[in-house]
Amino acid sequence: MGARAVGFRAGDGVGLRGRLFGRGRAAVVLAHMGNRPDNESDWYPLARRLAREGYLVLTYNRRAVCTGDEHPYDCSGGPNDYGTSWQDVIGAVKFVESQGADRIALGGSSIGGTAVVYAATTGKIHPAALISLAGVNHASTYSMKRADI
């Protein structure tokens with residue numbers, strides 16, 4: 001299943017790049033880990049599988065991350081700032097909504113896992129499902145209480 005290169009804005013206006021897989025009104029947004037060389041391509045196998053199952057899937061590069069040196073289009077803008085990466089999630093959700101999605105699941109790993117949970121606590125988005133793999137509740141840039149989550 002092929003993917004389309006896309007560009008969209010984070011909640012705070014930072015330009016982001018990613019890939020859109022599949023089609024459908026039910027979507028999955030996948031936020032990657034934060035260590036180099038982690039990027040959106042970490043999610044491609046899962047994104048392809050979900051697309052075959054009938055989901056619209058968005059993978060994207062967190063701010064200041066590129067998929068690889070050979071693909072300069074794939075570089076997201078902004079500073080490498082974990083503390084505002086939840087804004088990337090907000091923008092990703094708004095983007096898949098603009099593509100016709102009306103039910104959205106968020107999935108993330110490491111800083112991506114933390115960012116999807118934090119974004120959901122803001123009330124700016126309303127995911128139908130949330131998966132956080134190895135995300136944290138307390139870090140230098142995030143602090144969420146059990147009641148928030």
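This briefing covers the fold and the aromatic pairs of one protein. The model is predicted, with local features needing pLDDT of at least 70 and side-chain atom pairs counting only at pLDDT 80 or more, while totals for chains, interfaces and linings use all residues. Residues are numbered from 1 along each chain as its sequence is written, and side-chain values use heavy atoms, leaving out hydrogens and water.

**Fold and packing**
- You get 3 helices and 6 strands here, in the order β-β-β-α-β-α-β-α-β; these are DSSP runs (helices H or I, at least four residues; strands E, at least two), numbered from the N terminus.
- Of the 149 residues, 46% are buried, meaning under 20% relative accessible area with a 1.4 Å probe, protein chains only.
- Take the contacts (heavy atoms within 4.5 Å) between residues at least 6 apart in sequence: 64% of them join residues at least 24 apart.

**Aromatic pairs**
- The whole structure holds 4 aromatic pairs (ring centres of Phe, Tyr or the six-membered ring of Trp within 6.5 Å; planes under 30 degrees apart are stacked, over 60 edge-to-face, the rest tilted).
- Phe8 and Tyr60 sit edge-to-face, because their planes are at 80°, with centres 6.0 Å apart.
- Phe8 is in strand β1 (residues 3-9) and Tyr60 in strand β4 (residues 56-60), so this pair ties together parts 52 residues apart in sequence.

**A tilted pair**
- Phe21 and Tyr44 make a tilted pair, 5.6 Å centre to centre with 55° between the planes.
- Phe21 and Tyr44 are both buried.

Terms used: Buried means under 20% relative accessible area, exposed over 50%, partly exposed in between (1.4 Å probe, protein chains only).
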